[in-house]
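Q: Could we go through this chain together? I would like to begin with the overall layout and then turn to single residues.

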Amino acid sequence: MLAWRSGRVIFEGRPFSAAVAELGRYVPERIVLGPGVTSDLPVSAIFSTREALAAVQALAKTQGLTARRIPGVAIIIA
């Protein structure tokens, strides 16, 4: 709760898909996981909610993936 109030999200061993879904609350586009993305890999990280798009991109990069943004439509992680 305290992290949320200070503008941060903290993931400790959460599945990749759950972490992406949480960050999705802070970006205007819908986040879509592409085919073949392993969604249950554990993620441990701290991100700023003010930099949610950068956080999504960084999270994708940690899994060897890319996050492509179609402004106003979607962010595709593949």
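Predicted model: local features only at pLDDT ≥ 70, side-chain atom pairs only at ≥ 80, totals over all residues.

Q: Which pattern do they follow along the sequence?
A: Read along the sequence, the pattern is α-β-α-β-β-α-β-β.

Q: How does the radius of gyration agree with that of a compact globule?
A: For 78 residues, a compact globule would have a radius of gyration near 12 Å, and the chain has 12 Å, so the two agree. Along the principal axes, the C-alpha atoms fill a box of roughly 35 × 30 × 15 Å.

Q: And what share of the residues is buried?
A: Buried residues make up 35% of the 78. The accessible surface comes to about 4,800 Å², and carbon and sulfur atoms account for 56% of that surface.

Q: Changing topic: which residues of α3 are buried?
A: Helix α3 covers residues 52-62, and its buried residues are Ala52, Ala55, Val56, Leu59 and Ala60.

Q: Why do they line one face of the helix?
A: Seen down the axis of α3, the buried residues fall within an arc of 135°, so they line one face. In general, an α-helix has 3.6 residues a turn, so residues three or four places apart point the same way.

Q: What does that face pack against?
A: The buried residues of α3 pack against helix α2 (16-24) and against the strands β2 (30-33), β3 (42-48), β4 (67-70) and β5 (74-77).

Q: What is found just after α3?
A: Gly64 is there, with a positive phi of about 75°.

Q: Let us take β5, then. Is Ile75 buried or exposed?
A: Ile75, which is found in strand β5, is buried, with a relative accessible area of 1%.

Q: What does Ile75 touch, leaving out residues up to four places away in sequence?
A: Its contacts are Val27, Glu29, Arg30, Ile31, Val32, Leu53, Val56, Ala67, Arg68 and Arg69. Val56 is also one of the buried residues of α3.

Q: How far is Ile75 from Pro28?
A: The two are 47 residues apart in sequence and 9.5 Å apart in space, C-alpha to C-alpha.

Q: Where is Thr49, and what is it in contact with?
A: Thr49 lies in the loop between β3 and α3 and is buried, at 17% relative accessible area. Leaving aside neighbours within four places in sequence, Thr49 is in contact with Gly7, Arg8, Val9 and Tyr26.

Q: Last one: is Asp40 buried or exposed?
A: Asp40, in the loop between β2 and β3, is exposed, with a relative accessible area of 56%. Apart from neighbours within four places in sequence, Asp40 is in contact with Pro15 and Phe16. Asp40 and Leu23 are 17 residues apart in sequence and 16 Å apart in space, C-alpha to C-alpha.

How values were computed
Residues numbered from 1 in each chain as written. Heavy atoms only, no water. Buried < 20%, exposed > 50% of the residue type's maximum accessible area, 1.4 Å probe, protein only. Helix = DSSP H or I, 4+ residues; strand = E, 2+ residues; numbered from the N terminus. Arc of directions from axis to C-beta. Contact = heavy atoms within 4.5 Å. Rg over C-alpha atoms; globule rule 2.2 N^0.38 Å. Areas by Shrake-Rupley, 256 points an atom, 1.4 Å probe, with all protein chains shown as cover.
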